[in-house]
Amino acid sequence: MKLDIVITSDRTMITNHHGREFLGFVATGPPIGMPERLWLWICAPKPKVDKLGRPLEAPYGLRKIEAALVDAGFHAAIIDPDHLGSYLRRAKVLMIGHHDYFAMASPSIEWWLLTGSEPVNRRSFIRLMKRPEVREAKRKGLRVIVGGPAAWQWLWNTDYWREFGVDTVVDGEAEKVVVELATKALNGEELPLYVYAGPDDVPSIEEIPEIKGASVNGLVEIMRGCPRGCRFCPVTLRPLRYYPLDKIERELRVNANAGLDKCVLHSEDVLIYGARGLEPNPDVLLKLHTLAKKYCKTLAWSHVTLAEVKYSQEKYKLITKLTEVIYDEHQQHLGVQIGLETGSVNLAKEFMPAKAAPYPIEMWPQVVEDAMAILHDHRIVPALTLILGLPSETEDDLAQTAELLDRLRDYRSLIVPMFFVPLGALRDRGWFLREHLKDGHIEIMRRCLWHSLKWAEDIVSSFYLKGARNAPLRWSLKLFLAYIRRKAVEVEKWLNEGEWESAKERVEEIAALPPVVARA
Amino acid sequence: MSDLVVELDASDGVEKLVEALRSKPSARKITVYVAADDRFRSIERIKEFLVNNVSRTIVVYAKGGDQREA
């Protein structure tokens, strides 16, 4: 098979994470307490490929680019990074996508700054770009186009941009612009260095192509955009678009035909699919889930919002009704990622005034607690993310967040604190770096660590990796959690002995910031 | 969609770009040709502008220098 356009990424992206989407987060950390190869096996095993080197499952975003190009008549396909050599000898264009090329997004940057060690996603990507077959093809005239949700990171890494010979960086929804770029590249025309697809250049629902091959863990998009307008989030900059059910079904069918019996419904808030404003649409949501279960034994939600969980349950008993559709002999729990962001009402008012809607933002801590109780009662396991270092954050804000964490102690969940990364409407704000850490941040990280350790052990044992088939992975994770618990005790002792105070005084010297962040 | 095309010569600062945009605030797509001795310097010259943009489509071409360096 000859391809004019090869689409790929590094191993941390071209993998199915053992069928456990959440294990993908492990790729955002540096290898701790084990060799990198073992770390990579846990989070990013090599996926099944066909005899042509095409992965059975590939990241959904890359599948969309592949679909746009194939629909436009190009010879393009996603190729596993271990099978690039034979294709790059004849291909004219290499397209690469990534969630976090240089480990500058949360939580990668946080683990990097705290440990001083490069996360494996960054290491893996840089290794890919330095491969002899990539360098050789580039030397012979290969055009390289990169994009995806981490495209913005190239603006902070022009040295690598230059070193890797990247011709074009595409930031934003790329389905429309990629066809024009491919045409130019294949015709030998000059390519722009950088393209940012603004809100007026995003594809309409009809223009969004449908995937041709299976996506990782059966992920299918159900909508794009989000009406809540949180200022730190880039998704809210895009217009809101709902996929019709028949379009979703066609993508579910592609995954099912490839043998996948699971799916992840992707949206910034699954519960507002088909909504009128923020008023949920129970009929459409029940139809969506019934449809998904027709093709999948198990399903997960990518994201929901806590306000929508509380409101939809209190008004429509919707969480109960949806889990009645989802739970059966194949599935008895549901995973989801949720932005908790802060426990501070002042910060919530300033940066995410609509996050609690339809409740007033002053109720945010109560909305969080009520929603968490609903999720717990319905065996929905959230991975919550908090933002540390929002602009104008005070010790009082941090104290309110710490207090809220105490109220969440009994609810099954993982809570991951993330350092503020300037994105969305806050792209021009300063980065949160290790020397900005205050006692309040340390206290929050400490509470999150103990909370997450407690519940991670419960989740791994009781929910996530049951059965003999998962035993090796389950035991690897249990050993890792035991190691983290031991380390946490050491850190706790270190903090109690007042070492943090003295460390703060010399933090300028020990910061060991990644060079790229230091430059930023 | 309203378009704006701006050329930045070697002696022009990013202010020329900001000024051009101010004179045509309705522009939804900006194409910028940036002169620099190598094409990646073109990006570095207007990086701050690119980082801060969220609302408009921007296309950047390098002008002059070694176009085929990549």
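Trainee: Which residue in strand 5 of chain A is the bridge partner of A:Ile96?
Mentor: The bridge partner of A:Ile96 there is A:Val146. This is a predicted model: local features need pLDDT of at least 70, side-chain atom pairs count only at pLDDT 80 or more, and totals for chains, interfaces and linings use all residues. Residues are numbered from 1 along each chain as its sequence is written, while chains are lettered from A and ligands numbered from 1 in the order in which they are written.

Trainee: What makes strand 4 and strand 5 of chain A a pair?
Mentor: Two strands pair if DSSP finds at least two bridges between them. Strand 4 (residues 93–97) and strand 5 (residues 143–147) of chain A have five bridges, in the parallel sense, so they meet the definition. The elements themselves are DSSP runs, numbered from the N terminus: helices are H or I with at least four residues, strands are E with at least two.

Trainee: How do you know that strand 7 of chain A pairs with strand 3 of chain B?
Mentor: By the bridge count again: strand 7 (residues 194–196) of chain A and strand 3 of chain B share three bridges, in the antiparallel sense.

Trainee: What is the order of the strands in the open sheet?
Mentor: The nine strands run 3(A)-1(A)-4(A)-5(A)-6(A)-7(A)-3(B)-2(B)-1(B), with mixed pairing.

Trainee: Why are strand 3 of chain A and strand 1 of chain B called edge strands?
Mentor: Strand 3 (76–78) of chain A and strand 1 (3–8) of chain B each pair on one side only. Between neighbouring strands of the sheet, the average turn is 15°, direction ignored.

Trainee: Which helix of chain A packs on the sheet, touching strand 1, strand 3 and strand 4 of chain A?
Mentor: Helix 2 (residues 60–71) of chain A does, and its direction makes about 165° with that of strand 3 of chain A.

Trainee: How many residues does the contact take from chain B and from chain A?
Mentor: Chain B supplies 23 residues and chain A supplies 22. Two residues are in contact if their C-beta atoms, placed from the backbone, lie within 7 Å. On the chain B side, helix 2 (39–52) and strand 3 (57–63) are the elements that give two or more residues, and helix 2 gives the most, with nine. By class, that side has twelve nonpolar, six polar and five charged residues. Here Ala, Val, Leu, Ile, Met, Phe, Trp, Tyr, Cys and Pro count as nonpolar, Asp, Glu, Lys and Arg as charged, and the others, Gly among them, as polar.

Trainee: Why is helix 10 of chain A called roughly parallel to helix 12 of chain A?
Mentor: Helix 10 (residues 282–295) and helix 12 (residues 318–326) of chain A pack at about 20°, with axes 9 Å apart. Axes are lines fitted to C-alpha atoms, for helices over the stretch in contact, and angles run from 0 to 180 degrees between N-to-C directions. Angles under 35 degrees count as roughly parallel, over 145 as roughly antiparallel, 65 to 115 as roughly perpendicular and the rest as oblique. The angle therefore makes the two helices roughly parallel. Their contact divides into seven nonpolar, two polar and two charged residues.

Trainee: What makes helix 11 of chain A roughly perpendicular to helix 12 of chain A?
Mentor: Helix 11 (residues 306–316) and helix 12 of chain A pack at about 90°, with axes 6 Å apart. That angle is why the pair is called roughly perpendicular. A:Val309, A:Ser312, A:Gln313 and A:Tyr316 of helix 11 meet A:Leu318, A:Ile319 and A:Thr320 of helix 12. The classes are four nonpolar, three polar and no charged residues.

Trainee: Which peptide bond next to A:Pro107 is cis?
Mentor: The bond joining A:Ser106 and A:Pro107 is cis, with omega about 0°. A:Pro107 sits in the loop between strand 4 and helix 4 (108–115) of chain A. Another cis bond joins A:Ala357 and A:Pro358, with omega about 15°.

Trainee: Where in chain A does pLDDT stay under 50?
Mentor: Over residues 505–520, for which the model has 21 contacts beyond four places in sequence. pLDDT is the predictor's confidence in each residue, from 0 to 100. Chain A averages 90, with 93% of the residues at 70 or above; chain B averages 85, with 90% at that level. The model scores ipTM 0.93 and pTM 0.89.
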